[in-house]
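Please work through the exercises below with the sequence and the model in view. Each task is followed by a solution in steps.

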Amino acid sequence: MKQMDRLRETMRRDRVFDFVAQGRYPFSGRRSVTPGVVDATHGPILYLENITVSFDGFKAINNLTLYINDGELRCIIGPNGAGKTTMMDVITGKTRPDAGTAYFGQTMDLTQMTEYEIAQAGIGRKFQKPTVFPRHSVFENLELAMATNKNVWPSLVATLSGEQKDKIEEVLQTIGLSEHSHLPAALLSHGQTQWLEIGMLLMQNPRVLLVDEPVAGMTHQEMDKTAELLKNLAGKHSVVVVEHDMDFVRSIARTVTVLHEGSVLAEGTMDEVQNDPKVIEVYLGE
Ligand SMILES: Nc1ncnc2c1ncn2[C@@H]1O[C@H](COP(=O)(O)OP(=O)(O)OP(=O)(O)O)[C@@H](O)[C@H]1O
Ligand SMILES: [Mg+2]
């Protein structure tokens with residue numbers, strides 16, 4: 001009898017747990033929470049609050065508070081060592097903060113998620129060193145990128161569905177490589193390789209794209225195209241760009257955040273931050 005009661009109690013708890021997980025339990029909070037779905041209804045899609053990251057006592061990130069709005073294109077600038085890449089490491093789960101909170105939408109606690117879970121949840125990151133498959137064509141690279149999405153894998157083993165082909169065509173167009181879709185990735189220019197990598201991220205339908213120094217090593221023409229591409233992606237995605245090239249930043253910037261010694265030094269339009277005496281002193285005046 002006792003055993004039955006215990007079983008019933010467990011089942012009841014599990015039911016409640018299920019309901020809470022699905023956000024249907026009336027006492028689970030004010031908001032309706034759907035697991036895996038980003039809740040950006042309050043505006044921001046990324047919330048970093050009072051984040052600190054120490055390396056052997058040195059604070060690479062120091063009480064950093066920063067919000068990224070849903071669909072915006074944000075530029076992050078700052079001198080070498082300001083903590084820009086470390087900030088991206090925190091968002092993607094590569095580095096755990098010593099203090100502070102990091103949320104994706106209002107409900108997903110990034111500090112409790114693995115790198116894989118964060119990527120699956122919709123935060124894509126472009127690294128400086130491209131990770132394309134050189135002997136595969138541009139098209140195949142995009143196909144492979146789609147395959148890393150576990151939900152798509154089973155159908156991909158058979159043949160691509162019309163929908164999947166359309167998605168690849170759409171991404172090819174977005175990154176401006178439609179005409180090179182059958183070219184092996186090894187034959188692409190440096191700039192084209194970077195765009196392909198952005199395309200590979202897009203195959204996963206990310207809500208947020210983090211790009212660290214996207215135009216390093218690019219020609220002026222490639223930079224202009226990259227600016228168009230990133231501007232085009234904003235709105236559909238939230239795009240966070242870390243970049244040192246000020247001409248490039250000026251060409252895409254709406255809101256610019258200046259990091260210095262692991263904290264926000266200034267934030268505003270390019271003109272505002274450029275004329276900020278604090279910024280001139282530590283960075284732009286160099
Ligand atoms: N794994 C690590 N171990 C120790 N120190 C680190 C580590 N990663 C970063 N740092 C230090 O933290 C500080 C911030 O580094 P970070 O790479 O975030 O700067 P950044 O703003 O991206 O600079 P850059 O513009 O040069 O790319 C630097 O002083 C760096 O040396
Ligand atoms: Mg960096």
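Predicted model: local features only at pLDDT ≥ 70, side-chain atom pairs only at ≥ 80, totals over all residues.

Residues are numbered from 1 along each chain as its sequence is written, and chains are lettered from A and ligands numbered from 1 in the order in which they are written.

**Exercise 1. The chain**

Determine how many helices and strands the chain has.

Solution. Helices (H or I, at least four residues) and strands (E, at least two) are DSSP runs, numbered from the N terminus. The chain has eleven helices and ten strands. Next, take burial: a residue is buried if 20 or more other C-beta atoms lie within 10 Å of its own, exposed if 12 or fewer, and partly exposed in between, with C-beta atoms placed from the backbone. Of the 286 residues in the chain, 35% are buried.

**Exercise 2. The site of ligand 1**

Identify the residues around ligand 1 and classify them.

Solution. A residue is near a molecule if its C-beta atom, placed from the backbone, lies within 6 Å of it. The shell consists of Phe-55, Ala-60, Gly-78, Asn-80, Gly-81, Ala-82, Gly-83, Lys-84, Thr-85 and Thr-86. For the classes, Ala, Val, Leu, Ile, Met, Phe, Trp, Tyr, Cys and Pro count as nonpolar, Asp, Glu, Lys and Arg as charged, and the others, Gly among them, as polar. Helix α2 (residues 84-91) contributes the most to the shell, with three residues.

**Exercise 3. Helix α2**

Explain why α2 is described as largely enclosed.

Solution. List the buried residues of α2: Lys-84, Thr-86, Met-87, Met-88, Asp-89, Val-90 and Ile-91. Seven of the eight residues are therefore buried, so α2 is largely enclosed by the rest of the structure. After α2 comes Gly-93, with a positive phi near 80 degrees.

**Exercise 4. Helix α8**

Find which residues of α8 are buried and what they pack against.

Solution. Helix α8 covers residues 220-233. Its buried residues are Thr-226, Ala-227, Leu-230 and Leu-233. They cover an arc of only 135 degrees around the axis, which puts them on the same side of α8; the arc is that of the directions from the helix axis to the C-beta atoms. Their packing partners are β3 (73-77), α7 (190-202), β7 (208-212), β8 (238-242) and α9 (246-252), where contact requires C-beta atoms, placed from the backbone, within 7 Å. Just after α8, Gly-235 has a positive phi of about 95 degrees.

**Exercise 5. The largest nonpolar core**

State which residues touch the most other members of the largest nonpolar core.

Solution. Such a core is a set of buried Ala, Val, Leu, Ile, Met, Phe, Trp, Tyr and Cys residues joined through C-beta atoms within 7 Å. Among its 71 residues, Ile-91, Leu-142, Leu-196, Val-241, Ile-252 and Val-258 touch the most other members. The largest share of this core, six residues, comes from α7. Leaving aside neighbours within four places in sequence, Leu-142 contacts Ile-168, Val-171, Leu-172, Gly-199, Met-200 and Met-203.

Note on methods:
Expected span 1.5 Å × (residues − 1). Contact = placed C-beta atoms within 7 Å.
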